[in-house]
Amino acid sequence: FDCPFRAMDQLLAELEPKPPVIIVDFHAEATSEKMAMGRYLDGRVSAVLGTHTHVGTIDTQLLPRGTAYVTDIGMTGPINSIIGDDIEQVLQRFLTIIPNRLSVGKGKTMLNAILVRIDDQSGRAISIERIYREGAAPGVDLHLHSTASDGLFSPAEIVRKSAEAGLTVIALTDHDTVDGIASALAAAPAF
């Protein structure tokens, strides 16, 4: 496996011409690794925005050399859930230690987002602000995984199930691959 820090060094070195604004979505589990990446890239990118845990953190900050940082943006989805999934199904999985298919939770929704203002000439962040709204974005799920990575359903099944659940906007966010996107797009016109 590649070291994410050295991989970022290589990616930044390969950017020619280097754009002034560079935003890094660091999809990782460990908060310490995300914080270390923010410090490592401070001054070399405009923002390091952590994702993956679905739980928004309150540590939005401008780092000393001008990089905006947050450990985790959070999720957009149902409030009455366990990171977006049906509570009873998740609890059943934990209590029985038997994998089972999870459904999206239902009810009132929340929107977690980050607004970063960046000087488009220097690429330095000017401000970073957490946005949280309840009751926002009904019919939206911007964090879905398919069988192209660690999900339980194929991209086409995700499109079908999302339509059945009343979702009108989805994002397929498989780990380390974009292989499922073409299949999801091909399935979308049927719904």
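Modeller: Begin with two helices: α1 passes α2 in a right-handed crossing. Keep in mind that this is a predicted model.

Biologist: At what angle do the axes of α1 and α2 cross?

Modeller: Roughly 35°. The axes of α1, residues 4-14, and α2, residues 31-41, come within 11 Å.

Biologist: Which residues of α1 meet α2?

Modeller: On the α1 side they are P4, F5, M8, D9 and L12. On the α2 side they face E33, A36, M37, Y40 and L41. The residues of this contact between α1 and α2 divide into 8 nonpolar, no polar and 2 charged.

Biologist: D9 is in that α1 list. Which side chain meets D9 in a salt bridge?

Modeller: That of R44, with 2.9 Å from N to O. The cut-off for such a pair is 4 Å, so this one counts. Now look at where the partners sit. D9 is in helix α1, while R44 is in the loop between α2 and β2. They are 35 residues apart, and the pair links distant parts of the chain.

Biologist: How many salt bridges are there by this rule?

Modeller: The count comes to 5.

Biologist: On to sheets. How do I read strand pairing?

Modeller: Start from the general idea: strands pair through backbone hydrogen bonds, either parallel or antiparallel. Then trace the order. Here 4 strands form an open sheet, β1-β2-β4-β3, with mixed pairing.

Biologist: Which are the edge strands?

Modeller: β1 (23-27) and β3 (61-62), each of which pairs on one side only.

Biologist: What handedness does the β-α-β unit of β8, α4 and β9 have?

Modeller: That unit is right-handed. The helix in it, α4, spans residues 155-164. Strands β8 (140-144) and β9 (169-172) run parallel, joined by 3 bridges. Among the partners, V140 bridges to V169, and D141 bridges to I170.

Biologist: Which residues does a cis peptide bond join?

Modeller: E16 and P17, with omega about -5°. P17 lies in the loop between α1 and β1.

Biologist: What is the phi of H52?

Modeller: Near 120°, a positive value in a non-glycine residue. H52 lies in the loop between β2 and β3. I83 is another case to check: its phi is positive, about 40°, although I83 is not a glycine.

Biologist: Where is I83 placed?

Modeller: In the loop between β5 (77-78) and α3 (87-96).

Note on methods:
Residues are numbered from 1 along each chain as its sequence is written. This is a predicted model: local features need pLDDT of at least 70, side-chain atom pairs count only at pLDDT 80 or more; totals for chains, interfaces and linings use all residues. Side-chain values use heavy atoms; hydrogens and water are left out. Two strands pair if DSSP finds at least two bridges between them. A crossover is right-handed if, with the strands pointing away from the viewer, the path from the first strand over the helix to the second runs clockwise. Axes are lines fitted to C-alpha atoms, for helices over the stretch in contact, and angles run from 0 to 180 degrees between N-to-C directions. A crossing is left-handed if the near helix is turned anticlockwise from the far one by less than a right angle, and right-handed if clockwise. Contact means heavy atoms within 4.5 Å. Ala, Val, Leu, Ile, Met, Phe, Trp, Tyr, Cys and Pro count as nonpolar, Asp, Glu, Lys and Arg as charged, and the others, Gly among them, as polar.
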